[in-house]
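Welcome! Take a moment to look over the sequence and the model, and then we will walk through some of the features together.

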Amino acid sequence: MSEAIQSAQALPVGSEGKRSGGWWGVLALIVTEGSLFGYLLFTYFYLAAQSEQHWPPDGLPVLLMPGLNTLILLASSGFVWACERCIQRRLMRWSLASMALALMLGIGFVVIQLNEWNKLTYDMTSNLYGSLYFTITGFHMLHVIVGLIILMVLLLWLALGYFDDRRYAAVTIGGLYWHFVDAVWLFVFTTLYLTPYLY
């Protein structure tokens with residue numbers, strides 16, 4: 001009887017050795033969202049080339065906090081990757097700790113980004129640059145928040161013992177989305193914070 005209960009509570013392994021439908025679905029989402037970010041960044045470069053005013057109008061961006069945020073997101077992505085590896089090696093406490101650290105770093109990114117927005121002397125309606133800056137960083141922030149919700153759910157499931165070394169597809173799929181969010185930030189950071197130094 002107890003074996004029947006345990007087997008009913010265990011997650012199915014699924015198509016072992018194959019990519020799950022969820023993995024392909026998130027990959028399709030990433031391609032779509034990556035295209036949208038590509039359009040936004042193309043718009044930024046196009047309008048920067050067409051603008052006759054100094055770009056950005058308020059002077060060159062300060063790199064300290066955005067640079068720190070970049071390191072934070074990269075470290076967070078590393079901890080999500082480590083979480084999956086720990087599950088594969090049956091190190092469940094380490095996987096839980098890795099996911100918790102990834103989540104805390106992601107929240108730290110949001111706090112720093114909101115603080116940076118608050119300190120800016122322009123807003124979305126001040127000028128063309130401000131409109132592009134807040135649209136691009138706001139769109140990215142929306143993806144970070146969705147990613148944090150995914151990480152919170154994965155952390156809860158880890159704490160409840162839903163995963164083992166054969167059943168962790170949700171961690172792979174959620175991690176894929178989080179790595180995408182982090183990779184997009186590298187393009188956003190390069191575009192908004194580094195390329196103005198080249199003009």
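## A short briefing

I145 is found in helix 5, which covers residues 128-159. Please keep in mind that this is a predicted model.

- I145 has a relative accessible area of 40%, so it counts as partly exposed.
- I145 also belongs to a nonpolar surface patch of about 620 Å².

**Checking the length of helix 3**

- Helix 3 runs over residues 64-88 and holds 25 residues.
- At 1.5 Å a residue, helix 3 should span 36 Å; the expected span uses one less than the number of residues, because it is counted as steps between them.
- The end C-alpha atoms of helix 3 are 37 Å apart, which agrees with that expectation.

**Two backbone features to look for**

- As background, most residues other than glycine have a negative phi, and most peptide bonds are trans.
- R90 is found in the loop between helix 3 and helix 4.
- With a relative accessible area of 62%, R90 is exposed, because exposed means over 50%.
- The peptide bond from W55 to P56 is cis, and its omega is near -10 degrees.
- P56 has its place in the loop between helix 2 (21-50) and helix 3.

- F189 lies in helix 6, which covers residues 169-194.
- The relative accessibility of F189 is 12%, so F189 counts as buried, the cut-off being under 20%.
- F189 and T70 are 119 residues apart in sequence, while their C-alpha atoms are 7.6 Å apart in space.

**The second largest pocket**

- Rolling a probe the size of a water molecule over the atoms shows where empty space is left.
- The second largest pocket has a volume of about 410 Å³.
- Its lining is made by 18 residues, and P61, V62, E116, K119 and L120 lie nearest the centre of the pocket.
- Helix 3, helix 4 (92-119) and helix 5 are the elements that give two or more residues to this lining.
- Helix 4 provides the largest share of the lining, with four residues.

Technical notes. Residues numbered from 1 in each chain as written. Predicted model: local features only at pLDDT ≥ 70, side-chain atom pairs only at ≥ 80, totals over all residues. Heavy atoms only, no water. Patch = residues over 30% accessible without salt bridge, like charges linked within 9 Å, V, L, I, M, F, W, Y side chains within 5 Å. Areas by Shrake-Rupley, 256 points an atom, 1.4 Å probe, with all protein chains shown as cover. Salt bridge = Lys/Arg side-chain N within 4 Å of Asp/Glu carboxyl O. Buried < 20%, exposed > 50% of the residue type's maximum accessible area, 1.4 Å probe, protein only. 1 Å grid on protein atoms, 1.4 Å probe; cavity = no way out; pocket = protein on both sides within 12 Å on 5 of 7 lines; lining within 4 Å. Points joined across faces, edges and corners; volume = space filled by probe spheres on them.
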